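Here is a short tour of one protein model, from its overall build to the spaces inside it. Have a look at the sequence and the 3D view first.

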Amino acid sequence: MDYITRIMANARTRLTGVVDDALRMGLFEAVDEFCRETDIWQEDIAFDTVTYTPDLVYDLVPTEGTILRLIALKVTGQTGSLNGTMRVPGELKISSMLNADVNVTATVSLSPIDPVEVGSEFPVIDAWIWQRHFTALTDGLIMKMASQVDKPYTSGTLVEYHGRRFRNAIGVARADNIKANLADGQAWQFPDFAAQRNSSTQVT
Amino acid sequence: MANALDTVADYVQQARVLLQDTYGPAYRYASIDIVMALNLGLMRARQLRADLFILTDGVVPYFNQENASPVPFEVMYRQGLLNWIIGQIELRDAEGSQDDRAAALQNAFVAQLTAGNVDVNAGGG
């Protein structure tokens, strides 16, 4: 049994009278929220720069999914970070003055595209996310379905229980992502007000 | 995969069984009346459970004759829809007992769509 099948089976057994079409919609919402709040699905997009102009915009196109945030921006193969912004997701502006033909790697976080648009029944994300977080996604799905009004499976108790587990899992996944899933890694981070930033929003 | 109550004709046929109106062609209840009750039941289901009509983008199917047209309705709620149809047909009867039974059947369908663990056979009679 693959993980998506397991999630659907779990949800069916817990939600009396639920229909699969609605479950698929709910699963997309759960996966989308999980990705949006954790930034765990990421992709490195490499491209070559062109001659610098202040308003130059690079359109970033991920292999799958839709871009959420700019996580890192570096000259490929180097460790130092570049300055850049992405006010509109996917439209990268590099503040650092670079020569033409420099290979740059932008790391972006992603969320799934509506499965209907890509001809799939279920959200398309990296397989490891299903494997690693299937319990969290199950909790998110059940929470979202049980919160619908006037259904046989409407349940405040389920919403509270699975909602709390889902929120906790998001927090754990976010922290694990920051630590790159390193066991016994730094379990804390500076709060936003204490983080070091410069005026041009350097991303690392 | 074939299931019970796949088509308009299936609903009409099963409704006639429960209405004890199986000897045709001079049926007590006209086929078009049963088909219309089916349409009304689907409309009621659309009001209560939009999630049952996701694949039709919220559009409620409409039928105007007894034939083999598929009725796109979730399998687990088909018996409830059949009960609704019978209730709708029995509303025309003037006897008080029939009115009670009709209301019970239709209420059972509504309850099945909106609440868990409802016995859809609790229509009385």
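## Terms and ground rules

A word on residue classes to begin with: Ala, Val, Leu, Ile, Met, Phe, Trp, Tyr, Cys and Pro count as nonpolar, Asp, Glu, Lys and Arg as charged, and the others, Gly among them, as polar.

This is a predicted model, in which local features need pLDDT of at least 70 and side-chain atom pairs count only at pLDDT 80 or more, while totals for chains, interfaces and linings use all residues. Residues are numbered from 1 along each chain as its sequence is written, chains are lettered from A and ligands numbered from 1 in the order in which they are written, and side-chain values use heavy atoms, with hydrogens and water left out.

## Overall build

Chain A has four helices and six strands, counted as DSSP runs numbered from the N terminus (helices: H or I, at least four residues; strands: E, at least two). Starting at the N terminus, the order of elements is α-α-β-β-β-β-β-β-α-α.

Of the 204 residues in chain A, 45% are buried, that is, under 20% relative accessible area with a 1.4 Å probe and protein chains only. Among contacts (heavy atoms within 4.5 Å) with a separation of 6 or more, 71% join residues 24 or more positions apart.

## The three-stranded sheet

Three strands of chain A form an open sheet in the order β2-β5-β4, with antiparallel pairing. Its edge strands are β2 (58-59) and β4 (84-85), each of which pairs on one side only. Two strands count as paired if DSSP finds at least two bridges between them.

β2(A) and β5(A), the latter spanning residues 91-94, are joined by two bridges in the antiparallel sense. Within β5(A), L92(A) is the bridge partner of Y58(A).

## The enclosed cavity

On a 1 Å grid over the protein atoms alone, a cavity is a set of points where a 1.4 Å probe fits but cannot get out; a pocket is an open set with protein on both sides within 12 Å along at least five of seven lines, and lining residues have an atom within 4 Å of a point. Volumes are the space filled by probe spheres set on the points, which are joined across faces, edges and corners.

There is one cavity of 30 Å³ or more, and the largest cavity has a volume of about 50 Å³. Its lining includes Y58(A), I94(A) and L98(A); by class, the lining has six nonpolar, three polar and no charged residues.

## The second largest pocket

How much space lies in the second largest pocket? The volume is about 320 Å³. Of its 13 lining residues, D21(A), R24(A), M25(A), D114(A) and V116(A) are the closest to the centre. The lining of this pocket has six nonpolar, two polar and five charged residues.

Methods:
Buried < 20%, exposed > 50% of the residue type's maximum accessible area, 1.4 Å probe, protein only.
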